[in-house]
Amino acid sequence: MHAGNLLLASLSAGDAAALKPHLNVIHLEHQKVLFEAGDPINVVYFPSSAIISLVVGLSTGEMIEAAMVGRDGVIGASAALDGRISLSRAIVQLEGASLTCQVDVLKGAALQSSTLLSKLIRHEQTLYAQAQQSTACMAAHAVEARLCRWLLRARDLSDSDTLSFTQELLAEMLGVRRTSVTLVAHSLQQAGMIKYARGKIQILNLEGLRETACECYETVNSHYRALLGATAA
């Protein structure tokens with residue numbers, strides 16, 4: 001039933017049975033916008049191999065990432081908690097599979113189950129914590145450390161050492177110029193931590209990347225472990 005989504009896999013037998021008939025598997029294409037800021041949310045997404053970013057748009061046209069969700073979570077669950085309007089844009093950064101469910105179905109199931117309701121509330125707390133950490137990270141940490149943190153998070157969610165991301169996308173998500181990402185990526189490649197070519201990043205030295213990443217990577221992971229336990233990627 002969970003098809004690779006760790007949050008669904010962690011549900012009790014009763015909660016899983018309530019949702020199972022209403023879940024559908026779909027493929028999410030790269031750069032597909034699931035909803036914009038201000039849009040009503042009607043569908044909830046449980047990614048399995050896809051990675052989705054929640055981003056905030058500025059009047060200049062820039063997009064800054066607040067949180068990244070993959071097989072460890074759900075997109076749009078706030079709507080089942082009566083937060084019907086999206087506060088950010090949800091965009092697919094890595095194409096792949098996801099299960100979907102209508103918001104009203106998830107809300108109905110949560111109202112019938114205190115365990116499911118609690119899990120959804122705790123998941124939304126992790127997103128809030130991730131967005132908080134991203135704000136602090138952008139203000140205090142160097143681009144190199146932030147890029148390493150971002151790559152590690154993407155690796156965890158994709159369960160792969162090869163990531164299909166352009167430098168333009170990385171720059172946008174980190175809120176920096178592409179030239180900054182180019183310089184840092186070159187430095188990491190020279191150090192033997194990654195190999196970058198034609199929009200593909202291969203992680204060669206995982207431990208080196210972890211040592212170079214800022215504290216925010218482990219902080220976000222610790223929030224997931226504390227709030228969601230075994231669902232953390």
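Pocket and fold

User: How do the lining residues of the largest pocket divide into nonpolar, polar and charged?
Analyst: This is a predicted model, in which local features need pLDDT of at least 70 and side-chain atom pairs count only at pLDDT 80 or more, while totals for chains, interfaces and linings use all residues. Residues are numbered from 1 along each chain as its sequence is written, and side-chain values use heavy atoms, with hydrogens and water left out. Ala, Val, Leu, Ile, Met, Phe, Trp, Tyr, Cys and Pro count as nonpolar, Asp, Glu, Lys and Arg as charged, and the others, Gly among them, as polar. On that basis the lining holds 16 nonpolar, seven polar and two charged residues.

User: Which element gives the most residues to the lining of the largest pocket?
Analyst: Strand E4 (51-57), strand E5 (63-69) and helix H4 (114-140) each give two or more residues; helices (H or I, at least four residues) and strands (E, at least two) are DSSP runs, numbered from the N terminus. With seven residues, the top contributor is H4.

User: What radius of gyration does the protein chain have?
Analyst: The radius is taken over C-alpha atoms, and the globule rule is 2.2 Å times the number of residues to the power 0.38. For 233 residues a compact globule would come near 17 Å, so the chain agrees with the rule at 17 Å.

User: What share of the residues counts as buried?
Analyst: Buried means under 20% relative accessible area (1.4 Å probe, protein chains only). Of the 233 residues in the protein chain, the buried share is 48%.

User: How many helices and strands does the protein chain have?
Analyst: The C-alpha trace spans about 55 × 40 × 30 Å along its principal axes. Its secondary structure comes to nine helices and ten strands.

Key
Buried means under 20% relative accessible area, exposed over 50%, partly exposed in between (1.4 Å probe, protein chains only).
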